[in-house]
Amino acid sequence: MVIEEAVIYHLVMPLRETFKTSYGSMKDKHLCIIKIVSNDGLEGYGELDAFAAPWYTEETTETAALIIKNHLLPMLKNVNLTNPDQINQIFQVIRGNEMAKAAVETAVWDIFSKMSEQPLTTYLGGQIGNIPVGVSIGIKKNLDELVHTVSNYVNDGYSRVKLKIKPGFDIGPVERIRRDFPKLSLMVDANSAYSKSDIAVLKQLDRYNLAMIEQPFGVTDFVNHAWLQKQLQTPICLDENIRSLEDVKQAAELNSAKAINIKIARVGGLTEALKIATFCYENDMIAWCGGMFEAGVGRAHNIALASRTEFSFPGDISASNRYFERDITKEEFNIKQGKVTTPSGLGIGVEIDQQSLDSYCKRREYIVLN
Ligand code: OSB
Ligand code: MG
């Protein structure tokens, strides 16, 4: 397979609700849809899931789009691809820029699964069916608002709830939600807002039967996460720390975490995500699929990945309408009894709603490769 041309669609999609984390607030999701066209005329779609500002990782939607256009796509000029894992290899010479790499790499996976006339789900080794999913809830103005939000999602049937926390908004919310929802599968995500001096609060969180505590400490810190995990029963989950299989191996070696949030975008694509899932499975670490407020294309890739057996904990994979008024795909994803259904069409199994995509599109770039 040779890539003949690519289109980068720059989209701004208003979020239905402003999402607040320990880093700050987000009103719109800035993303790109990457379309690649093969020499056989097949189309593959990938989603660039960075953000407008570099608060989660160093990349932004704009920097990543530039890397894709000026560095990654040109590396594929006249290259005959025989399997999608080749992309991971070819892109290795470019440092970092995982989200840019993932956007192109996932589009290549889409084409290869279409070439093999399979849904991406089975092409990746997963199973068609329903997978349990959870929801991530931002920091709220007050506890009543939080309780209201949680009960809405519980009524929608989500299998697990994740609360964003930060210093000063941690024990209060967790205590209240645990009291009102004693049986709920509950976890927290600190997005790196704590340090060693917060040990008393973190030990207190250990009392609420949380499924895990996600990313309490710094984004390159493996040593102090290990120090903390020794003192807690609750599994620590790493998110921002994990850019590659090497990072997961380091976490395993040091016992920095018992769980890994796998995001396709953060680890540079599906090849690396699969390697991480396999490693977690073989080393008794919990693997689950994280989210980046994906639109329909990225969400389809996530669901295909999360359908593999290594994914033993519900992912941050919500219904399309939780994030956006209208998605960019014709098929929207819905939650039924805490589960989402894997698409069964070929490749990512969703079709682009061109009219919807155009309505969010601010700019498009055409790149001819051959
Ligand atoms: O830390 O997992 C995170 C959203 C944006 C950036 C980072 C994170 C998140 C979420 C939401 O928690 C995940 C989602 O619902 O897509
Ligand atoms: Mg997180």
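Between which domains does ligand 1 lie, and why? Domain 1 (3–118 + 351–368) and domain 2 (122–341) both give residues to the shell around ligand 1, so ligand 1 lies between them; the domain bounds come from an automatic or database domain assignment. The model is predicted, so local features need pLDDT of at least 70 and side-chain atom pairs pLDDT 80 or more, while totals for chains, interfaces and linings use all residues. Residues are numbered from 1 along each chain as its sequence is written, chains are lettered from A and ligands numbered from 1 in the order in which they are written, and side-chain values use heavy atoms, without hydrogens and water.

The shell holds 16 residues, of which the closest are Ser136, Lys164, Asn191, Phe293 and Tyr323; a residue is near the ligand if one of its heavy atoms lies within 4 Å of it. By class, the shell has 6 nonpolar, 3 polar and 7 charged residues.

Oxygen atoms of ligand 1 form polar contacts (pairs of N or O atoms within 3.5 Å). A polar side-chain atom of Asp189 lies 2.9 Å from a ligand oxygen. Polar backbone atoms also take part: that of Met292 is 3.3 Å from a ligand oxygen, and that of Phe293 is 2.9 Å from one. The protein covers 100% of the 390 Å² of accessible area (Shrake-Rupley method, 1.4 Å probe) that ligand 1 has on its own.

Ligand 1 sits in the largest cavity, as more than half of its atoms lie within 2 Å of the grid points. A cavity is a set of points on a 1 Å grid over the protein atoms alone where a 1.4 Å probe fits but cannot get out.

Definitions and conventions: A polar contact is a pair of N or O atoms within 3.5 Å; within protein, one must be able to donate a hydrogen and the other to accept it, and residues adjacent in sequence count only if both atoms are side-chain atoms. On a 1 Å grid over the protein atoms alone, a cavity is a set of points where a 1.4 Å probe fits but cannot get out, and a pocket is an open set with protein on both sides within 12 Å along at least five of seven lines; lining residues have an atom within 4 Å of a point. Ala, Val, Leu, Ile, Met, Phe, Trp, Tyr, Cys and Pro count as nonpolar, Asp, Glu, Lys and Arg as charged, and the others, Gly among them, as polar.
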